[in-house]
Amino acid sequence: MEMPKPSPDVLRRKGAVVARLSQVLPQDAIIQDEAETRAYECDALTAYKCAPMIAVLPSTTQQVSDVLRICHEEGVPVVPRGAGTSLAGGALPTADCVILGVARMNDVLEVDYDNRFIRVQTGRTNLSVTGAVEEEDFFYAPDPSSQLACAIAGNIAMNSGGAHCLKYGVTTNNLMGVTMVMMDGTVVEIGGAYLDAGGLDLLGVICGSEGQLGVVTEATLRILRKPEGARPVLMGFDDNEVAGQCVSDIIKSGILPVAIEFMDRLCIQASEKFAQAGYPDCEALLIVEVEGSEAEIDSQLSKIVEIAKRHNPVELRESRSAEESARIWLGRKSAFGAMGQLNDYMCLDGTIPVSSLPFVLRRIGELSKDYGLPVGNVFHAGDGNMHPLILFDANKPGDLEKCEAFGADILTLCVDAGGCLTGEHGVGIEKRDLMTHQYTPQDLEAQMAVKDVFDPGWLLNPAKVFPLAASEPRRMAAE
Ligand SMILES: Cc1cc2nc3c(=O)[nH]c(=O)nc-3n(C[C@H](O)[C@H](O)[C@H](O)COP(=O)(O)OP(=O)(O)OC[C@H]3O[C@@H](n4cnc5c(N)ncnc54)[C@H](O)[C@@H]3O)c2cc1C
């Protein structure tokens, strides 16, 4: 993976930059010791590592503004960081950058139940947003599997989703406003505690912009009343494609489950060994959850079971209690950890039209044989968001490269099937060079022109999202 060359000039000026940062931050918020900066050398895409020049941990929007102003004046690249759980290398540093981590910015600033919103500093973890309102029976809907650790900052930057986003939408559908600091230190307010802002949809541009446009320090998030109840049904099938067809038929029927999750044999077996959730021995498993009153749940589940029966399931297990529901979800929630026990893995993220599921699953199986690398599929099937997990051995020469080539083939397959390169993990560095498969040079030019407006010096989060060949000349020209 090619990265831009670190600027020797910036590295030489490290001492001077630290001296200026010390004027606006407490000493314990500046990490400059080489051994300590290693804590920030990668995110959850651990195949790529590079320690930053400096890391800073501000506590307020004002401090973020001061840091960015100084870096802007000094020509120092800045990589914003939430919790570092990105699977796309979105928070990967460059050797001459300042990592700007928002982990200390985790306060709840305002809760308004009448108008159903919460305002938080963006270092707050996803799960603790719900934690702040659940006493009043409210919750924050987007629920990435990493929600215990990941921060709202990263969720906004990646437009994150989760198992329950089929019904409630992803981050962009639950974000009402942000406070954002531009690279020159200017603080801007976009959107707010109301339904829709006038003018251009700048909030829509910022959500999903992967730290390219500014550093988001505060967010106003929609909160929802908890549903009366929710129950899943577990379905086992003898064939991946049949399970894929069943998903397609449920969506086509007009029923809107809150989640439809898919696991294939490799994932079922791994998670069964790890979590013993009592999953059947089969090729594919679906977990379909619906919510509402007991009567609504019964009615929706019976329709879903009827559709499933047309596909000859080998198992149909409807949950009747909170304990049974927890057991059904246990294996799915353990799947990533369980796969990690088998070998190193690369988790991909592409989206396809739901009706293409059977074809795409079959083709991934064929590619797995061609490359000689096993692949497990566990994903949010209801919205076509695939997560193939390719197993490889990081210590075996050539395996990582083979895995990258296999991953690229899967992602271009998603695009060719009418989908796109990312569902919820973003582009980062992982898919940067595949962007040309989805977008024309004119499309990319238009996207980079947006960055020109927000960050004319191209200092924010370098070498991500845009193919290096297209973005490097722009960055060099801006220097
Ligand atoms: C086990 C596991 C399961 C996961 N499951 C899911 C899932 O179900 N759904 C899902 O969507 N994702 C999932 N992810 C991916 C990841 O958790 C999400 O992308 C998450 O939103 C990243 O948040 P973070 O705070 O860790 O961000 P980071 O990794 O720190 O950063 C992610 C991106 O956000 C940018 N950024 C960070 N802070 C700011 C800021 N203040 N302003 C502007 N940009 C900023 C960074 O520069 C980077 O580009 C999973 C990851 C793991 C490891």
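Predicted model: local features only at pLDDT ≥ 70, side-chain atom pairs only at ≥ 80, totals over all residues.
## Ligand shell

The ligand is surrounded by 33 residues. Pro80, Gly82, Thr85, Ser146 and Ser160 are the closest. By class, the shell holds 14 nonpolar, 16 polar and three charged residues.

Three elements each give at least two residues to this shell: β3 (78–81), α6 (152–158) and β10 (215–222). Helix α6 supplies the largest share, with five residues.

## Polar atoms at the ligand

Which polar side-chain atom lies 2.6 Å from an oxygen atom of the ligand? That atom belongs to Ser146, a residue also listed with the closest in the shell. Asn461 places a polar side-chain atom 3.2 Å from a ligand oxygen. Gly84 takes part through its backbone: an N or O atom there lies 2.8 Å from an oxygen of the ligand.

How much of the ligand does the protein bury? Taken alone, the ligand exposes 970 Å². The protein buries 94% of that area.

## Nonpolar core

The largest nonpolar core has 60 residues. Within this core, Met235 and Leu286 touch the most other members. Helix α15 (residues 399–416) contributes the largest share, eight residues.

The contacts of Met235 can be listed beyond its neighbours within four places in sequence. They are Cys246, Ile250, Ala284, Leu285, Leu286, Val288, Ile304, Ala308, Glu315 and Leu316.

Glu472 sits in helix α18, which spans residues 468–478. Is Glu472 buried or exposed? Its relative accessibility is 18%, so Glu472 counts as buried, the cut-off being under 20%. The side chain of Glu472 makes a polar contact of 2.8 Å with the side chain of Arg475.

Pro456 belongs to the loop between α17 (441–454) and α18. Pro456 counts as exposed because its relative accessibility is 56%, and the cut-off for exposed is over 50%. Setting aside residues up to four places away in sequence, Pro456 touches Lys451 and Ala478.

Pro456 and Arg475 are 19 residues apart in sequence. Their C-alpha atoms are 8.8 Å apart in space.

Technical notes:
Residues numbered from 1 in each chain as written. Heavy atoms only, no water. Core = buried A, V, L, I, M, F, W, Y, C linked by side-chain atoms within 4.5 Å. Buried < 20%, exposed > 50% of the residue type's maximum accessible area, 1.4 Å probe, protein only. Helix = DSSP H or I, 4+ residues; strand = E, 2+ residues; numbered from the N terminus. Contact = heavy atoms within 4.5 Å. Near = heavy atom within 4 Å. Polar contact = N/O pair within 3.5 Å; in protein donor to acceptor, adjacent residues only side chain to side chain. Areas by Shrake-Rupley, 256 points an atom, 1.4 Å probe, with all protein chains shown as cover. Nonpolar A, V, L, I, M, F, W, Y, C, P; charged D, E, K, R; others polar.
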